[in-house]
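Student: I'd like to learn how to read a two-chain model like this one. Could you walk me through it, feature by feature?

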Protein chains: 2
Amino acid sequence: MTKVTIIDIARALGITPSTVSRALAGNPYVKESTREAVKQKAKELGYERNVIASNLRSGRTHAVGIIVPRIHRSFFSSIISAAEEVLDKAGYSLIICQTRENLQDEIRALNTLSGIRVGGIMLSHAIGSKSGKHIQEAIHGGIKLVQFDRVFEGLPGSTVTNDDFNGAYSATKHLIKRGYKRIGAFTGPLSTKMFLNRYEGYKKALEDAGIPLDETIVFKDSIIRENGYLNGAKALEKGCDAIYSSGDYSALGALEFAKDQGVRVPEDFGILGTANEDFTSLISPSMTSIEQNPREIGTKAAQALLRLMYGETAGEHLTVETTLIPRESTDRKNG
Amino acid sequence: MTKVTIIDIARALGITPSTVSRALAGNPYVKESTREAVKQKAKELGYERNVIASNLRSGRTHAVGIIVPRIHRSFFSSIISAAEEVLDKAGYSLIICQTRENLQDEIRALNTLSGIRVGGIMLSHAIGSKSGKHIQEAIHGGIKLVQFDRVFEGLPGSTVTNDDFNGAYSATKHLIKRGYKRIGAFTGPLSTKMFLNRYEGYKKALEDAGIPLDETIVFKDSIIRENGYLNGAKALEKGCDAIYSSGDYSALGALEFAKDQGVRVPEDFGILGTANEDFTSLISPSMTSIEQNPREIGTKAAQALLRLMYGETAGEHLTVETTLIPRESTDRKNG
DNA sequence: TCGAATTCTGCAAACCTTTGTAGATTAAAG
DNA sequence: CTTTAATCTACAAAGGTTTGCAGAATTCGA
């Protein structure tokens with residue numbers, strides 16, 4: 001049991017706890033010789049500062065929370081990993097909570113963190129969470145907020161999101177450059193801002209290349225593998241020679257359909273996904289994908305949170321660029 | 001700023017803080033009507049218990065730490081995810097730390113957690129950590145320890161590991177049943193207990209089937225994809241018709257070599273990996289693999305930690321069974 | 001109706017650190 | 001040798017909760 005306190009040190013040296021506290025805290029008003037003696041004795045007795053007591057005095061923990069839908073999704077775990085590195089260096093501990101896409105769990109997590117008196121919260125909200133009201137309520141008492149990836153508007157604090165428009169734009173442009181002529185799109189519900197932005201990027205790239213938009217080859221229910229398979233069939237039927245997909249799994253579905261039908265990829269059919277999941281480099285043919293750079297999202301979100309807590313900003317909106325990773329599934333000789 | 005305290009509630013009701021505290025804590029000695037009034041007033045004033053203060057009084061945080069090499073490795077993030085669910089239900093927060101396989105970071109993490117006065121630590125040690133000495137030192141003061149996956153012997157507390165012997169045994173048996181006759185093994189350094197156990201399981205399965213062990217088709221440097229490719233070549237050269245691998249990535253390498261050479265999988269060459277990485281179900285042919293059930297490891301580790309903290313045990317050694325996931329890469333008609 | 005048992009509540013200390021204020025000591029200046 | 005300034009240290013309160021002990025109120029049996 002370690003229970004050496006500054007009182008023990010003070011007693012051993014015949015001085016008071018306040019002096020010991022100041023000596024340890026680096027207060028310049030304490031004599032050098034005293035400071036040395038204190039440090040010496042502290043080490044000798046195996047003193048360990050009681051963080052809880054010092055937190056109580058200051059009213060705030062040296063911890064921050066991160067709330068994500070699912071920890072084990074590679075996108076989120078990469079963000080967490082990067083954020084942890086930044087926060088650890090700054091002397092903050094990271095408390096982790098997951099919502100399983102569920103509003104109730106999100107509220108629970110917010111309450112827990114606010115109860116612990118964390119200095120701030122990094123949040124990517126659950127699908128089941130339809131407005132930011134409960135978040136607004138939970139972040140009283142000076143708790144700072146950084147939203148990343150999935151963002152509600154109208155909340156205080158900072159945000160970090162991907163530049164989805166440009167990601168989709170450069171993806172589509174990549175397909176055009178490779179000589180594909182009739183490029184279909186896989187996307188999700190356009191009510192979600194992220195999907196909308198990607199769709200806009202896709203449209204803009206077509207427009208800039210003088211290719212008319214054909215809404216019959218835009219598939220707005222393509223976020224899972226099965227639908228990718230089905231919509232891949234439809235796309236081929238409608239004469240597409242390439243697909244830009246908002247996700248890797250739906251792109252994989254289309255790839256599987258093509259292989260099943262003996263359609264050659266990339267020669268006759270180009271496929272490009274989004275997220276750069278691990279498997280994209282491991283399957284055959286390997287799949288071109290848009291890397292979202294989750295580590296950078298995590299780093300920026302953590303740094304933004306530190307700035308909020310230090311009072312260096314009242315809120316900022318950061319974007320993280322995406323990176324095109326070209327692979328075999330679009331690697332055909334220029335048209 | 002929420003700064004309603006039990007003192008405010010007490011004052012508003014004309015009673016004392018101690019009664020309020022007891023009422024809120026569910027102490028049976030407080031009158032039902034008083035308790036109701038307290039709860040009512042607490043809600044009315046928006047009271048939020050100051051966890052820091054209560055921790056200071058009790059000397060212990062309602063938090064536990066988890067230390068892993070890398071958060072974003074799917075095996076570990078699944079463990080973390082499952083552990084979080086158990087701990088959250090029990091009212092504990094989970095603080096996350098990563099070592100990046102580095103001893104220095106591991107020591108830092110241990111010190112941080114011990115400084116925060118967590119109730120316990122779940123740990124899978126870094127490769128760079130060669131003995132448990134620094135762990136021993138850090139877990140003074142009643143902090144409980146659960147080691148999982150990578151375990152040092154001789155430390156207090158509990159452990160949770162896979163049943164590697166049986167996993168390898170049933171994997172090898174699966175290959176034998178499918179009619180493969182000459183089964184090679186991919187493994188890592190046998191100084192690591194985990195690899196040793198798997199190797200023993202492989203040997204036992206051969207022995208039970210009356211197949212003599214041939215050390216020339218045991219490849220002890222096969223944990224990465226590249227070596228899997230190279231050793232896949234050697235194995236085929238030596239007449240193997242199947243490979244049991246301690247990892248999925250090296251198995252993938254062998255699979256790629258077979259495909260490059262036109263060797264048919266599973267007809268002429270069976271391949272079986274370990275870890276059941278995402279990609280194993282996504283590649284073609286899909287790969288049979290040993291699932292390690294990381295979620296179960298996480299669940300058991302968290303439960304074991306709770307039992308330690310509640311004083312229900314002084315230490316236990318749990319194993320998690322593995323599960324064979326049969327897929328195309330070994331799916332040939334019985335020889 | 002009285003005493004004892006039971007149920008309930010208050011007092012005050014304890015958890016350990018930080019910090020404003022005031023007092024003490026030393027050094028420098030007159 | 002005294003005054004002023006500069007440097008250092010002590011005192012005590014504050015931060016909010018929990019809990020052992022004692023005392024008050026209530027209930028019950030006799």
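**Reading the two-chain model**

Tutor: Let's start where the chains meet: the buried residues of H4(A) pack against helix H4 (51–58) and helix H6 (103–116) of chain B. Some ground rules: this is a predicted model, in which local features need pLDDT of at least 70, side-chain atom pairs count only at pLDDT 80 or more, and totals for chains, interfaces and linings use all residues. Residues are numbered from 1 along each chain as its sequence is written, while chains are lettered from A and ligands numbered from 1 in the order in which they are written.

Student: Which residues of helix H4 of chain A are buried?

Tutor: A general idea first: an α-helix has 3.6 residues a turn, so residues three or four places apart point the same way. In helix H4 (residues 51–58) of chain A, the buried ones are Val51(A), Ile52(A), Asn55(A) and Leu56(A). They cover an arc of only 135 degrees around the axis, which puts them on the same side of H4(A); the arc is that of the directions from the helix axis to the C-beta atoms. Arg57(A) and Ser58(A) are exposed, on the face turned away from the buried side of H4(A). After H4(A) comes Gly59(A), with a positive phi near 75 degrees.

Student: How are the two chains related?

Tutor: Two copies of a chain are related by a rotation about an axis and a shift along it. The same surface serves both copies, since 100% of the contact residues of chain B recur in chain A.

Student: How many residues does the contact take from each chain?

Tutor: It takes 37 residues from chain B and 37 residues from chain A. On the side of chain B that touches chain A, H4, helix H5 (74–89), strand E2 (93–98) and H6 each supply at least two residues. H5(B) gives the most to that side, with six residues.

Student: In what order do the strands of the twelve-stranded sheet come?

Tutor: Strands of a sheet pair through backbone hydrogen bonds, either parallel or antiparallel. The cut-off for a pair is at least two bridges found by DSSP between the strands. This open sheet has mixed pairing and the order E11(A)-E5(A)-E4(A)-E3(A)-E1(A)-E2(A)-E2(B)-E1(B)-E3(B)-E4(B)-E5(B)-E11(B). Strand E11 (317–320) of chain A and strand E11 (317–320) of chain B stand at the edges, each with a single partner strand, so one side of each is left without a neighbour in the sheet.

Student: Where do the chains join within it?

Tutor: Three bridges join E2(A) to E2(B), which run antiparallel. There, Ile95(A) stands opposite Ile95(B), and Leu94(A) stands opposite Ile96(B).

Student: What about strand E1 of chain A: how many of its residues are buried?

Tutor: In a regular strand the side chains alternate between the two faces of the sheet. For strand E1 (residues 63–68) of chain A, six of the six residues are buried, so it is largely enclosed by the rest of the structure. Ala63(A), Gly65(A) and Ile67(A) point one way, and Val64(A), Ile66(A) and Val68(A) the other. Six bridges join E1(A) to strand E2 (residues 93–98) of chain A, in parallel, with Ala63(A) partnering Ser93(A). Four bridges join E1(A) to strand E3 (residues 120–123) of chain A, also running parallel, and there Ile67(A) has Leu123(A) as its bridge partner.

Student: And which handedness has the β-α-β unit?

Tutor: A crossover is right-handed if, with the strands pointing away from the viewer, the path from the first strand over the helix to the second runs clockwise. E1(A), helix H5 (residues 74–89) of chain A and E2(A) make a right-handed unit of this kind.

How values were computed
Contact = placed C-beta atoms within 7 Å. Buried ≥ 20, exposed ≤ 12 C-beta atoms within 10 Å, placed from the backbone.
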